[in-house]
Amino acid sequence: MLREFDYENMPVADIVNEMIIDAVKRGASDIHLDPRPEFLMIRIRIDGELVDYTTLPLGIKNHVTTKIKILSGMNITESRLPQDGAIKTTIEDRSLDLRVSTLPTVYGEKVVIRILDYSRSMEGLENLGFSEESLEKLKKIIASPNGIVLVTGATGSGKSTTVYAILEKLNTKERNIITVEDPVEMKIEGINQVQAMSEIGLTFANALRSILRQDPDTIMIGEIRDDETARIAIRAAITGHLVLSTIHTNNSLNTIERLLDMDVERYLLGSALTGIVSQRLTKKLCPKCRTSRSTTPYEKAIFKKALGIDVDNIYEPIGCDECYKGYKGRIAIQEVLAVTQEVRDAILSNIRKDKLREIIYKKGKTITLLQDGLEKVINGLTSFDEVLRVIEVDSDFGEDEQDIKDAIMGKSPIISNQIANEKIETLDF
């Protein structure tokens, strides 16, 4: 049911404030103000899904947009060009950063407010959902005196939260930590943070060159966006610095391929790469209303192939007055690769992709995204459908994907053709 406001008697400033406070209380990550021909549609993103919140009449649409622009430090006289701004506020003792973006459309300016809550980073790595094995592996990786550690995933997958949690772990008085970010999303006491400004020539690459002359122990680069930044970051990692950064790739194997595509020399990458953390965010099952059910033959086949175990029961979402469609909050699914000498040798020798996959996932015993997700399904933290929504099953199985295809297509006695026909559409083979 849509939220209703008393537009006749309620000031616009109060409407905007109430809308933001309500969205934060509901656990929203974004607020969308979408101009339509008859009204201004307000939607909020909860647990990754946009839901309708309220509608505003055209009579106050411009007033609402102007108020948000004033709060975020934008030019209120410019409506023909996109703008970016920020709002800092405290709601219920939580310090929040709101990133505001406007975009001119045919029906007026669309406004999106991203709600950034880094309280999870402050709670430490132990509270980010890592399995015990992956957490210990990550702690060993970031304890290295030099090398490059990458956090990968799609936009909105929690990369910044993980990176800031790592920085909090490393932030001691004995270390000189310098970051270059665009934007600086969370200010941390004791860390030197640089705001990149490409319009005046302060790019990631240029800032990184200057940082190397500042006697750093640890360097954090907000994102590796281009070939030049990648090459400088790798060279910084082999000259005695621990470098942290993010990059948009699917998993550990794809990250290595992406860096090689960015013209990073193999001998440098093999020497510098220390670890890769890949992650996704899935909706978290509501503990109050989740219900156990028997697994289908299809699900049994996936569990057997990925984990080597028989799973007879898993939880599914139901829905109650304390959640949204059976989900409440989100949880991360992670893959942590600690680069071994065998992986380094494979990178240097330009080994085939299937052989590199075997070294990383089988010999290296790296827990894949799919395996970590399925473990969280077994523990009742998320659902099977959520894991399949964010992870491509075929990217995990590699050469063995034909086996699971055969099972799905009914060539194995553990799964029926009826189930195959229902489920084959969900996989991207």
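This is a predicted model: local features need pLDDT of at least 70, side-chain atom pairs count only at pLDDT 80 or more; totals for chains, interfaces and linings use all residues.
Me: Which residues of α12 are buried?
Reply: Helices (H or I, at least four residues) and strands (E, at least two) are DSSP runs, numbered from the N terminus. Buried means under 20% relative accessible area, exposed over 50%, partly exposed in between (1.4 Å probe, protein chains only). Helix α12 spans residues 353–363. Its buried residues are Leu-356, Arg-357, Ile-359, Ile-360 and Tyr-361.

Me: Why do the buried residues of α12 line one face of the helix?
Reply: Look down the axis of α12. The arc is that of the directions from the helix axis to the C-beta atoms. The buried residues line one face because they fall within an arc of 165°.

Me: Where is Asn-350 found?
Reply: Asn-350 is not a glycine, yet its phi is positive, near 55°. It sits between α11 (341–348) and α12, in the loop.

Me: Is Asp-47 buried or exposed?
Reply: Asp-47 lies in the loop between β2 (39–46) and β3 (49–57). Its phi is positive, about 55°, although it is not a glycine. With a relative accessible area of 10%, Asp-47 is buried.

Me: What kind of peptide bond joins Asp-182 and Pro-183?
Reply: Pro-183 is in the loop between β8 (177–181) and β9 (192–195). Omega is about 0° for the bond from Asp-182 to Pro-183. The bond is cis.

Key: Residues are numbered from 1 along each chain as its sequence is written. Side-chain values use heavy atoms; hydrogens and water are left out.
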